[in-house]
Amino acid sequence: MQRTSFVNRKIVFYLMLIVIAALIPQVVKSRYYMSVLNLAAVYLILAAGLNIYLGYTGMMGFTQVAFWGIGSYASALGMINLKMPFWTALPFAALFTGLIGFLLAIPSMRRLKRFYLSVTTIGFVEITRLILENWESLTKGADGLPGIPRPVLWGIRFNTPHKFYYISLFFVIVLTALSYIIKNSRVGLAMQAIREDELAAEVIGVNTFRYKVLAFTLSAVYGGVAGSLYAHFVGYISPNVYVFQEAVTVLCMVLIGGSGYVGGPIIGALLLTIVPEWLRFMNEYKALVYGAAVVVMAVYMPRGILGATETIRARIRQRFFGEKKASVYPGQ
Amino acid sequence: MEYILETKGVTKRFGGLVAVDAVDFQVSRGEIRGLIGPNGSGKSTLLNLISGVYVPDEGDVYFNGEPITRLAPHRIAELGIARTFQNNRLFLNLSIQENVMVGQHCRTKSELSHALFRPRSAKTEMLQTKEKALACLDFVGLNRPPEFITAGLPHGERRLLEIARALATEPQVILLDEPATGMNPSEKERIVDVIRKIRDAGITVVIIEHNMPVVMGISDRVTVLNFGRKIAEGTPKEIQHNPDVIEAYLGEDDEEEGSDDAAQARES
């Protein structure tokens, strides 16, 4: 009895968070800030995808930005050329990107380890950008694709940041829930075992190749969703959005938030999209502050914000949700 | 009679070094087999060849009469050969229960699609996995809260945890690579008890061990390797009086640890 009530409290807590998130457009009137939040959602989904690949499975990669680009173009072209409605274009983009990710993963996961793999993913980012730039008959090249239609649902056109926010929020919730389910499943445990010790995982019966391919493909699917949302939110895409630097930004979001934690990408993405807005007055020093923050984080909080606050959070969870006593965690 | 585990002429070279040289090695069902030899004699390499970590350059490995030479390690684990490592390879940031749960991976089936669309069956299986993990922890006598994060375990308990994780794969054969290294006498006793218990549960044990009292005390038969070749095989008593074995351990003056082992061997 006691336990059920605690479980309910946890659900109530998360529902409250969702309600608060849903009320934000009522409070924030500025279109500009709502745009920032929509972009934060795009980054959040990109980071959540990377988290499955980097945080759960422990592989390094920069492909997220390429998947973002592929997703954007797939969704935009699906709507413009194939006359798909948004609600078909988004799953189409997600599946198409997932397929590309899968095809890329098969040879790379078979052959490559550690930093050879990272370097390959950098190459993939460049190749994707070059294709988007040079396949002019399809992508209109460096000029970019203008006039991407807005989503329409039940007669409502989601043409303002305030309206679009609900679509973004919906996918953030769905994909975060998916991350949570994956992490706590048998498959997620196998992925984490690969992160901790790939050889040991393989030798005690985990098909490491299969789960690395799966993790990579899932991160591509997340990238595809993020790309689709971005394309239809901004309404204009061009190849120079999907550059290597953005991959580093997404990587920093995961690392600063806490890689391997379901909430890590949420904290990281919100922090790294909202805080820079407050630092606008010192625009020319932004990169400096940013770089310094990453260094400080890397030295003092190698497991990100959520990792550093693990003990405190465990105590809070125990107090409010009645979870089992905090695991004894050795200091970093 | 069919052996549960057999190698026929397996050879593994690393560059110019022949780490394992045409070794024929047979293990009968239900025995505890000791595998000894001076440092660098190829014991761990042989274990790696059996568990699929290395593929032999020549020769084949058979499990229950079936060749397993070129199977991926996870397939070999699935067939029923589990192992531990010389230097612990645990999942340090996972809890001790989760470590053992990973061992159950090859005996469970839930895919992501189950977790998403048939949550009830996935949940039932997860609960069974958790219970099984607790049973394995209990079997090796590791009494810690299951949520305990592995990185905090002392050395002796890490070795036990690795054995528990290997047992969770429900093996027919378990390969133990120096399980008693770095343990104090009471911990050694504990691990010997656990190994006997494993054998009594019907699991065949192959154990590499430098500690002579331990290996001579529990093995039914002992195989000795030197420079990658099998130089002797027999009961612990026969091995202790085998002149080739004594020479292998005493013959090299620069092999300090080896001569210690031989001294221990004669004492025991």
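## The interface between chains A and B

In this predicted model, chain B and chain A bury an area of about 3000 Å² between them, and carbon and sulfur atoms give 68% of that area. Three residues, B:His74, B:His105 and B:Leu112, supply 22% of the area that chain B buries against chain A, which is more than any other three residues supply. The size of an interface is often given as this kind of loss of accessible area when the parts come together. Counted by residues, the contact draws 35 from chain B and 34 from chain A.

## Polar and charged pairs across the interface

Between chain B and chain A there are 10 residue pairs in polar contact, both residues of each pair being at pLDDT 80 or more. On the chain B side, four helices, namely α2 (73-79), α3 (96-103), α4 (112-117) and α5 (119-140), each supply at least two of the residues that touch chain A. Of the elements of chain B, α3(B) gives the most to this side, with four residues. By residue class, the side of chain B that touches chain A divides into 19 nonpolar, eight polar and eight charged residues.

The count of salt bridges between chain B and chain A is three. A salt bridge joins A:Arg210 and B:Glu111 across the two chains, with 3.3 Å between the closest N and O atoms. Side chains of opposite charge can pair in this way when their charged atoms come close.

## Salt bridges over the whole model

Over all chains, the count comes to 21 salt bridges. Within chain B, the side chains of B:Asp177 and B:Arg83 meet in a salt bridge at 3.9 Å, N to O. Because B:Asp177 lies in strand β7 (residues 173-177) of chain B and B:Arg83 in strand β6 (residues 81-83) of chain B, this pair ties together parts that are 94 residues apart in sequence.

## The second largest pocket

The second largest pocket holds about 750 Å³ of space. It is lined by 29 residues, and those closest to its centre are A:Met109, A:Lys113, A:Glu198, A:Thr208 and A:Lys212. Rolling a probe the size of a water molecule over the atoms shows where empty space of this kind is left.

Five helices of chain A, α4 (86-111), α5 (114-134), α8 (186-196), α9 (198-203) and α10 (208-234), each supply at least two residues of the lining of this pocket. The lining residues divide into 14 nonpolar, four polar and 11 charged.

Technical notes
Residues are numbered from 1 along each chain as its sequence is written. Chains are lettered from A and ligands numbered from 1 in the order in which they are written. This is a predicted model: local features need pLDDT of at least 70, side-chain atom pairs count only at pLDDT 80 or more; totals for chains, interfaces and linings use all residues. Side-chain values use heavy atoms; hydrogens and water are left out. Contact means heavy atoms within 4.5 Å. Buried area is the accessible area (1.4 Å probe) that two parts lose on being put together, summed over both. A salt bridge is a side-chain nitrogen of Lys or Arg within 4 Å of a carboxyl oxygen of Asp or Glu. A polar contact is a pair of N or O atoms within 3.5 Å; within protein, one must be able to donate a hydrogen and the other to accept it, and residues adjacent in sequence count only if both atoms are side-chain atoms. Ala, Val, Leu, Ile, Met, Phe, Trp, Tyr, Cys and Pro count as nonpolar, Asp, Glu, Lys and Arg as charged, and the others, Gly among them, as polar. On a 1 Å grid over the protein atoms alone, a cavity is a set of points where a 1.4 Å probe fits but cannot get out, and a pocket is an open set with protein on both sides within 12 Å along at least five of seven lines; lining residues have an atom within 4 Å of a point. Grid points are joined across faces, edges and corners, and a volume is the space filled by probe spheres set on the points.
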